[in-house]
Each structure stands twice: as C-alpha cells, then as structure tokens.
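Hi,

Here is the structure I said I would pass on to you.

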Amino acid sequence: MRELFRPIADYQDLCGEGPLWDSSRSALFWTDMIARQFYCYSWAEKQSTTIRTRLEICGFALNEPNGFVIVNGAGIWTWDANDEPVPVATEIEGIACRMNDCIADPRGRLLAGSCFYDPHDEEYPLGHLILVDHDGSVQILDEGIQLANGLGFSPDEQTLYFSDSAARVIYAYDYKPEFGTVHQRRIFARIPLEEGLPDGLTVDAAGFVWSAQWFGSCIVRYDPDGRVERRVAVPAKQTSALAFGGPDLTDIFVTSAHSSDALPLAPPNYDPHCGYIGGKLFQGNLGIAGKPEFRCRIRGSRT
C-alpha cells in the first residue's frame with residue numbers, strides 16, 4: 001500500500017523537531033535538537049540545506065523582520081541566522097529557563113514551555129508556561145507542567161492548546177490575545193497508555209488539532225471537542241512534530257527521531273528496534289488546509 005507520507009530529507013536526525021513554514025521565503029525550517037543542526041527545505045528547489053551547526057535549538061518561531069526567536073536548554077534568544085544568538089532570558093523568578101518548545105502569539109509575543117523532566121528522578125521540578133513580551137520581559141502564565149511540548153492556537157485566537165507529554169494530555173486554555181493571558185486550563189484530550197505520547201502540535205484552518213505521537217508512528221487529528229477524527233500512519237517510530245506548509249498550506253511536514261528512545265513513558269510492549277526508526281523529514285498532502293503561524297516582534301539584549 002502506498003504510504004501517505006514520503007521522506008523528502010534524510011539527515012538521520014537524532015531528534016528532528018519544530019517544523020515551521022515561512023511563506024515569505026516559501027521554505028520550511030526544522031531542527032535536530034540533539035545533534036544541534038538547523039535546516040531549511042526550499043519549496044522551489046525541492047532541496048534542503050544545513051544552515052547552522054553546533055547550535056542547540058529545541059523550538060523556534062519566526063521573528064520580524066527576518067530572524068527567529070529560539071529556545072533551548074539555556075534560555076530564550078533572538079537570532080538572525082547569521083550572527084550569534086542574542087539573549088532574551090536565561091531565568092525567571094530565579095528559575096532556569098530550560099525550554100523545550102514555543103510559538104508566536106497573535107500579537108507577536110512568544111509563548112514557551114519549560115521542561116525539567118528526568119526519567120531517573122521522580123522528584124524533578126515541574127515546568128512552566130512562559131510569556132515573552134515585545135520588550136523581552138518574561139512572566140510565568142502557568143505551572144505544574146511535567147514535559148512541555150507542542151503549542152497551537154485556534155483559528156479565532158481564543159483558545160491555546162499545549163501538550164504535556166509525560167502527563168499524556170493536551171490542555172486547552174482560554175486565551176486573551178490583547179493581554180497575553182491564559183485562563184481555565186482544562187484537558188482537551190487524554191491519550192491512552194497504549195498509544196504514543198502527544199508531542200508537537202498544530203491547528204488547521206477548520207480548528208481541528210493535530211498531534212504528532214512520539215512512540216506512536218502516527219499523527220492524530222482531533223475535532224474541536226477533543227474527539228479523535230482520524231489517525232494517519234507515518235513511517236517512523238518516533239514522530240515528533242508537524243506543520244502545514246506549501247503554497248496553499250495543504251502540505252503536511254512531519255519530523256521524526258532516529259535515536260532509539262525507550263523512556264519509561266513508552267507504551268507497554270513498545271520495541272524501539274522493531275520497524276521504522278525514523279530521523280527523516282516527511283511530506284504528505286491530505287487535502288486539508290492549515291493556517292499561517294504567527295510571527296514574533298521581540299527584541300533581544302546584548303547586556
């Protein structure tokens with residue numbers, strides 16, 4: 001049977017993450033957060049290139065006029081892809097900004113999740129949902145997150161979705177874009193123990209939530225009420241994140257991990273060495289339109 005998703009780049013990413021479509025450049029960017037590589041896939045040339053090595057990027061958002069805001073284990077940074085990253089925040093309220101994923105909000109701020117998950121220590125500190133404003137100031141919006149992951153906004157900008165992989169849930173918040181505030185955290189979807197973990201996340205133009213399932217070899221589409229609408233197989237054991245792109249935003253790009261990972265969070269009887277391992281960037285088209293991601297307007301500080 002023909003696969004719905006085909007590989008378009010194979011760097012054997014140890015942990016491919018964060019695919020993000022830039023319509024102004026007709027290009028997709030993604031990262032290998034473990035190997036510290038940053039890539040670009042050109043739609044016109046149908047080719048990918050490595051544009052930066054030896055830089056940890058766990059998550060990123062486009063930043064006006066033509067750079068990025070990146071997050072990693074050392075903090076939050078602005079970066080123009082040429083010079084070195086400029087620090088925005090390395091701690092907040094005395095807590096290290098050890099970040100795992102992020103997204104631009106409708107007003108050009110950044111939302112990011114911190115993560116201190118340790119599979120070998122049950123007493124690891126819990127993470128936070130953090131807001132970065134235009135001037136680089138930071139504040140904690142929520143706490144008690146075990147393993148922060150994908151974020152996404154509903155088409156009307158009134159709902160924020162946020163994955164907690166270790167808790168096996170996707171949360172939903174009421175979001176006030178004019179103020180950058182969250183209210184009424186609730187469980188949007190709970191993922192059964194026998195399935196993969198909810199990892200990267202995006203929302204399509206119809207308001208359906210898409211989640212890449214780490215350990216699950218699939219991406220899952222949820223309706224606005226949190227019910228599974230469809231599950232689409234991807235030829236990789238550890239699918240990590242997804243994004244809509246292409247000229248009409250109907251192409252879906254999926255990142256994956258090559259490094260075998262048998263965390264205690266894996267489903268029962270999970271065999272990391274059986275079947276496709278991954279590490280490729282996949283592309284497919286299901287005839288469903290996504291929506292453009294927002295862009296940040298954040299300044300860094302060299303002080």
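Predicted model: local features only at pLDDT ≥ 70, side-chain atom pairs only at ≥ 80, totals over all residues.

Residues are numbered from 1 along each chain as its sequence is written, and side-chain values use heavy atoms, with hydrogens and water left out.

The largest pocket has a volume of about 620 Å³. (A pocket is an open set of points on a 1 Å grid over the protein atoms alone, with protein on both sides within 12 Å along at least five of seven lines; a cavity is a set where a 1.4 Å probe fits but cannot get out; lining residues have an atom within 4 Å of a point. Points are joined across faces, edges and corners, and a volume is the space filled by probe spheres set on them.) Its lining has 24 residues, and Met33, Asn100, Cys115, Leu147 and Leu263 lie nearest the centre. Strand 12 (99-104) and strand 20 (197-203) each give two or more residues to that lining. (Strands are DSSP runs of E, at least two residues, numbered from the N terminus.)

The second largest pocket comes to about 180 Å³. It is lined by 16 residues, with Trp21, Ser23, Leu249, Pro292 and Glu293 closest to its centre. Strand 2 gives the most to this lining, with 3 residues.

The largest cavity has a volume of about 240 Å³, and among its 21 lining residues Pro19, Leu20, Cys102, Leu151 and Leu201 lie nearest the centre. The second largest cavity holds about 40 Å³ of space. Its lining includes Ile103, Gly152, Phe153 and Lys291, and strand 16 and strand 20 each supply at least two of the lining residues.

Four strands form an open antiparallel sheet in the order 6-7-8-9, where two strands pair if DSSP finds at least two bridges between them. Strand 6 (59-63) and strand 9 (86-89) are the edges, each pairing on one side only. To see one of them, find isoleucine 70, whose bridge partner in strand 8 is tryptophan 77.

Cheers
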